[in-house]
Each structure stands twice: as C-alpha cells, then as structure tokens.
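Subject: Structure handover

Hi,

Here is the structure for you to look over. My notes on what turned up in it follow below.

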Amino acid sequence: MSGLSERSARGSWRGPAPLLVAGCILAACGVCAGSASADGGTLQARSVAVSDAGYVGSEACAACHQPIYDSYRKTSMGQSMSPITPALIGKMAVPATFYDARQDRHYDIYAKDGALYQSEYQKDATGREVFRTIGRLSWIVGSGSNIRGGIVERSGYLFEAPMALYTATGKWSWAPGYASADYSFSRPVLAGCIVCHSGRAHAVEGTNGEYDKKVFSEISIGCENCHGPGRAHIEAMSGGECRSAPGEDCIVNPAMLKPELANNLCMGCHQIGDERVLQPYKSYSDLRPGEPLGKTLAIFMVPPRKESPPDSDHLQHVYSMMLSRCYRASGGRLRCISCHDPHIRVTAQEAPAFYRERCLTCHTEQSCGLPMAARRKQNPSDNCIGCHMQRRPVAFMAHTSLTNHRILATPDEALPSSMFHATTAALPDLINLDPVPGEESKEPPLLTLLTAYGELSAFRPEYREPYLRVLDRLEISQPENPLVEAAVGRRDLAQGRIEQAIDHLERAINRGATAATACADLSAAFERHGDADAALHAQQQAVRLDPWNPLLQKALIALLIRQKRYADASAALDRYMAAFPQDSFMRQLQAKATAVSAAP
C-alpha cells in the first residue's frame with residue numbers, strides 16, 4: 001500500500017528512546033506532523049505532456065535572420081543556460097575547493113572525463129569522512145556576466161548545486177540562498193524559476209522540481225520567448241496563409257506592441273514583486289508574448305510605507321522604472337526597449353556611450369545640470385548612467401550588484417507620492433503590478449488572492465485575516481473546487497474541527513488535488529481522529545508526491561515512531577539519510593537509534 005520498503009533495519013527500537021527521538025524530529029521539523037507548507041500552497045493537476053504549441057526553436061529563425069541570431073547568441077539572455085561541454089568547462093575555474101567553517105563543510109569542484117562535478121563532504125575530529133555527496137552537473141545557469149551556477153538532475157528532478165562561480169572574483173562560493181540555509185543538493189529547481197532562465201522547459205505541473213524526460217525544447221532563452229511561437233510566421237513567409245491580424249506576419253514584434261504589453265514581456269522575469277501567483281488553471285507554459293501578463297501570472301507587492309520604503313533593486317526593474325520621473329513625464333510611453341536592445345550585447349566598456357545615446361533621444365546636452373567640463377573629467381567621461389542609474393549590491397547574492405532603474409535626477413531624489421497610494425478600493429492591501437489593461441480597478445480572482453495571501457501570511461501575520469476572509473467567500477462561491485476544499489480542510493484542522501477537516505481534505509484529493517500538503521494535512525487529521533492506518537497511508541502518499549521534501553519525510557518518521565512501528569521508522573530514517581546525508585541532527589538521531597537497537 002505504501003510503496004515504501006518494509007524491511008527492518010538494524011533491529012527494533014525499544015524502551016523510551018523512540019519517544020525522545022520522535023520529539024526531537026518534530027522539533028527539527030518546526031511543524032506539526034503532516035503540515036509542511038504555508039497556507040495557500042498551489043494544488044494543480046500533474047501532467048507530463050509536452051506539446052510544441054507552434055514552437056520551432058531559435059535555429060529555425062536563423063534561416064532568415066542570421067545576423068540577428070548570431071548577435072543575440074552573444075548576449076546574456078542568449079547564453080542564459082548551457083550544457084556541459086569541454087569548452088565551457090575551460091571557463092569554469094576548476095579544479096577548486098571551498099570550506100565553510102560555520103557548517104564545517106568541504107566542497108570540491110572538478111572536471112572528469114568531460115563532465116563537471118561538485119562534491120560536498122564533512123570530516124570528524126579524526127579526519128574520517130562523515131558523509132560525501134557527489135553531484136554531476138547537467139547544465140550551467142548564467143552567462144557569466146555575474147554568476148554561473150549548476151543544475152543537477154536526479155531521478156527526473158532538477159536541483160540547484162550548492163556552489164556557484166562568481167565573475168567578479170573568479171572564485172567559487174555559495175550559490176544564491178545557500179549561505180543562510182542548508183540545502184546541499186536537494187534544493188529543487190521550480191517551474192517558476194526555470195521559466196526565466198531557459199528557452200522552454202517542461203516541468204511536471206503540481207510538483208516541486210519534477211520534469212518530463214525531455215527537460216528542455218530549447219535550453220537558453222530564445223527568439224520565441226519574446227516573439228511567440230514561430231511556426232505560423234515561417235509558414236506565412238513561405239507562402240502560406242497568415243491566421244493572425246493583418247500586418248503582424250503571424251509573429252509578435254515587441255516594438256509594435258502597446259507600451260504596457262511590451263513591458264509585460266520584460267516584467268515576467270525582471271519584476272519579482274513580493275508574490276508571483278499563477279492565475280487559476282494556468283501554468284507557465286501558457287505565457288504568450290503580446291498577451292497581458294496578468295492573464296497568466298499575477299505579480300503583487302506589499303504596499304510600501306514612507307517610514308520603510310523599498311531599498312532592493314533585485315529584479316524590481318520594471319516597477320523601479322515606472323517610479324522614475326522619465327517614465328512619468330513620458331506619460332507611460334517609456335518602455336524597457338526604449339533603452340535596451342535585447343539582440344545585442346553591450347559590454348561594460350560600451351555601456352556609457354550606448355546608454356548616453358539612448359538618453360539623448362529625449363534629453364539634450366543642456367538637460368544635465370553638471371557643467372560639461374566636470375562631466376568630461378569623469379571616468380568614463382560624460383557617463384549618464386554612472387550618475388543617474390547607479391549600481392547597488394544585491395543583499396543575498398555575494399559579489400553582485402544590479403542597476404537601479406529609478407533613473408534618479410539626484411541621489412537624494414524623493415520617492416514619488418504615487419508610490420504610497422497605488423492600491424485600489426478592490427484590493428486595498430496589495431499592489432497589483434501587472435493588471436490586465438482596462439481591469440486595473442477590478443479585484444483579482446479569489447483563487448489568486450487565496451494563494452497570495454496564504455503565502456504572504458507565512459511571514460507577514462497581517463495577511464492571515466485577509467486570507468481567511470477570501471476563504472470564507474470561496475467556501476460559499478466555489479465549495480466543490482479542490483483548492484478550496486483543501487484550504488478549508490487545513491483551516492478546520494487548525495481550528496480543531498477534525499471530522500470536518502477529514503471530509504474536506506478527502507473530497508479535495510478525490511476531486512484532483514494532488515499537492516503533497518493536502519495528503520500531509522489529511523494524515524494529521526486522521527492521526528488526531530485516532531485512525532492510525534489511514535494517517536500512515538496519507539503521509540506515505542504525501543512523501544510519494546513530493547519525495548525530496550525533508551519535512552514530509554521527517555513527519556513520516558515521527559508518525560511511525562508514535563505508532564511504535566520502530567522497524568519501519570528505522571527504515572524510513574535510513575531512506576531519509578540516503579537522500580539528505582548532510583543533516584547532522586538526523587544523523588545523530590540515527591546513531592542513537594542504532595545504539596538502542598544494539599543494546600542487550
């Protein structure tokens with residue numbers, strides 16, 4: 001029934017130790033058994049179907065657009081991801097080592113037989129290896145402008161590698177996010193991340209990091225990411241009949257789009273906001289250039305306050321541009337592509353003159369208040385962006401800085417008052433950064449808000465009440481929706497209405513909710529109801545649905561211990577340590593359990 005090995009490992013656990021171990025595991029999880037994520041976790045149907053949907057790949061475009069193709073391939077987007085090749089390995093500063101004293105971890109990065117590897121290990125006081133995990137990198141993410149990181153593929157899942165190569169130093173260090181958390185080789189690469197780093201990836205919807213056997217149709221960001229599927233255009237240009245609007249040549253030309261739709265193209269990846277939520281029944285494969293981004297993906301920002309204005313430039317480029325005086329004075333006509341040409345690579349040496357020319361399409365030499373003599377003394381000379389779009393360090397990404405896109409007239413320029421009045425009557429507690437044109441005053445779909453409020457409430461308690469209010473409305477308007485059923489079940493579980501929670505969670509799963517959190521919640525409800533077998537079955541199903549989630553596996557181990565199924569708990573702990581050997585806390589528990597089993 002469980003699909004897990006039932007073999008006994010290292011004998012049975014006896015005495016009081018199992019209860020102690022169970023308590024330690026629950027403390028390590030930081031959550032009650034079976035509750036492994038914030039409210040509002042997305043439930044979607046699992047699917048591995050790969051459809052070309054009219055896509056042909058960038059090489060098909062090169063047949064007629066060779067110069068543009070060749071130029072674009074040299075840009076950062078054109079090199080956003082790369083397979084491991086001998087030529088690439090030659091640029092990766094290997095072999096290399098890294099030691100982290102805080103966690104007492106060693107890392108080796110090396111090439112062998114044309115492949116690239118990262119190895120993580122730890123030694124005890126005698127110099128003996130405690131564990132070693134080796135990951136073979138399948139792809140490199142990043143062009144090398146700032147950083148190059150690695151992706152490891154295991155059993156159909158993609159994971160970020162712990163080490164990354166930083167261009168500014170030419171050395172390996174923690175990959176973004178790793179300095180503050182112990183992920184090892186188990187941080188999944190999610191669909192919402194890979195969509196902005198690749199041409200077209202095929203994630204299995206509703207999973208954390210699972211992909212189709214054909215992971216990519218195109219590895220790097222390609223022509224069709226911005227111009228849309230190309231098959232109809234090729235057929236039209238070859239004498240076929242164009243099925244799109246007259247004059248469009250069956251292809252999207254961003255320069256011909258309305259400014260907000262052109263900016264939407266860039267916003268999809270260059271505007272992170274505080275929450276990014278797929279609209280109901282949408283996936284990242286539904287994103288289409290030329291269509292409003294808000295139809296597929298909603299980007300929300302917590303309203304800034306004057307006493308604590310935002311100070312991060314990381315992927316807030318479009319919003320920052322919209323706050324600039326240049327954008328406001330243009331009446332919204334200023335677009336990302338007013339300054340950026342995505343088809344060409346602008347080097348650091350070329351940037352001052354290149355962007356100065358862009359500035360002079362709207363400004364004149366006399367627009368600058370700094371005398372020309374002083375501007376010419378700058379290094380580089382007369383550098384508009386050096387003064388008005390200064391680079392600032394990225395807090396969580398070492399050795400990296402990004403350009404402030406607010407285009408400041410002076411360094412101390414005040415934020416526009418409109419920034420603090422950007423909410424609407426329909427959405428008073430969030431800013432919708434990409435509303436569908438013409439629908440700016442409308443309330444977003446309730447399912448979208450449920451997910452946004454639920455995820456925000458995990459670290460902003462003030463959004464707990466809005467979440468519950470939206471859930472109350474959905475319970476009336478969409479009572480049979482599996483998302484709603486699962487959320488209502490979690491609410492009832494938290495409020496002690498156990499039988500109602502079981503009813504809602506079972507209906508959610510029967511109606512197609514396949515998120516592991518729904519099964520984990522059901523397990524917790526069954527346990528509190530006294531149905532041990534049902535609780536175990538539901539938790540095992542949660543682990544099967546999200547097999548690389550350490551919290552779910554810890555909850556399963558704790559549940560088995562509470563049920564006095566010590567042999568099964570021991571086997572589950574062995575499986576956990578095989579998947580997460582870096583977990584020193586659980587390794588100590590495993591040693592204690594082994595000692596108890598070996599005791600006479």
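Cys 193 has a relative accessibility of 44%, so it counts as partly exposed. On this scale buried means under 20% relative accessible area, exposed means over 50%, and partly exposed is in between (1.4 Å probe, protein chains only). The model is predicted: local features need pLDDT of at least 70, side-chain atom pairs count only at pLDDT 80 or more, and totals for chains, interfaces and linings use all residues. Residues are numbered from 1 along each chain as its sequence is written, and side-chain values use heavy atoms, with hydrogens and water left out.

Cysteines

A disulfide here is a pair of cysteine sulfur atoms within 2.5 Å. By that rule there is one. Which cysteines does the disulfide join? Cys 196 and Cys 269, with 2.2 Å from S to S. The torsion about their S-S bond is about -95 degrees, so the disulfide is left-handed. Cys 196 sits in the loop between helix H5 (191-194) and strand S10 (200-203), and Cys 269 sits in helix H8 (residues 259-270), so the pair ties together parts 73 residues apart in sequence. Helices (H or I, at least four residues) and strands (E, at least two) are DSSP runs, numbered from the N terminus. Cys 196 counts as buried at 17% relative accessibility. Cys 269 is partly exposed at 27%. Cys 193 is in no disulfide; its nearest cysteine sulfur belongs to Cys 196, 8.2 Å away. Cys 387 is in no disulfide either; the sulfur of Cys 368 is its nearest, at 6.8 Å. Cys 387 counts as partly exposed, at 36% relative accessibility.

Salt bridges

A salt bridge is a side-chain nitrogen of Lys or Arg within 4 Å of a carboxyl oxygen of Asp or Glu. The whole structure holds 23 of them. One joins Arg 132 and Glu 129, at 2.5 Å from N to O. Arg 132 is partly exposed at 35% relative accessibility, and Glu 129 is partly exposed at 33%. Another pairs Arg 375 with Asp 382 at 3.0 Å, N to O. Are Arg 375 and Asp 382 buried or exposed? Both are buried.

Asp 533 bridges to Arg 565, with the closest N and O atoms 2.6 Å apart. This pair links distant parts of the chain: Asp 533 is in helix H20 (residues 532-545), and Arg 565 is in the loop between helix H21 (550-562) and helix H22 (566-579), 32 residues away. Arg 565 is partly exposed, at 25% relative accessible area. Salt bridges with shared partners also join Asp 472, Glu 475, Arg 491, Asp 492 and Arg 497 into one network.

Helix H16

Helix H16 (residues 464-477) has 14 residues. From first C-alpha to last it reaches 20 Å, close to the 20 Å expected at 1.5 Å a residue. The expected span is 1.5 Å times one less than the number of residues. Its buried residues are Pro 466, Tyr 467, Leu 468, Val 470, Leu 471 and Leu 474. They pack against helix H15 (446-457) and helix H17 (482-494).

Whole chain

The protein chain has 23 helices and 16 strands. Of its 600 residues, 47% count as buried. Contact means heavy atoms within 4.5 Å. Among contacts with a separation of 6 or more, 59% are between residues 24 or more positions apart.

Best wishes
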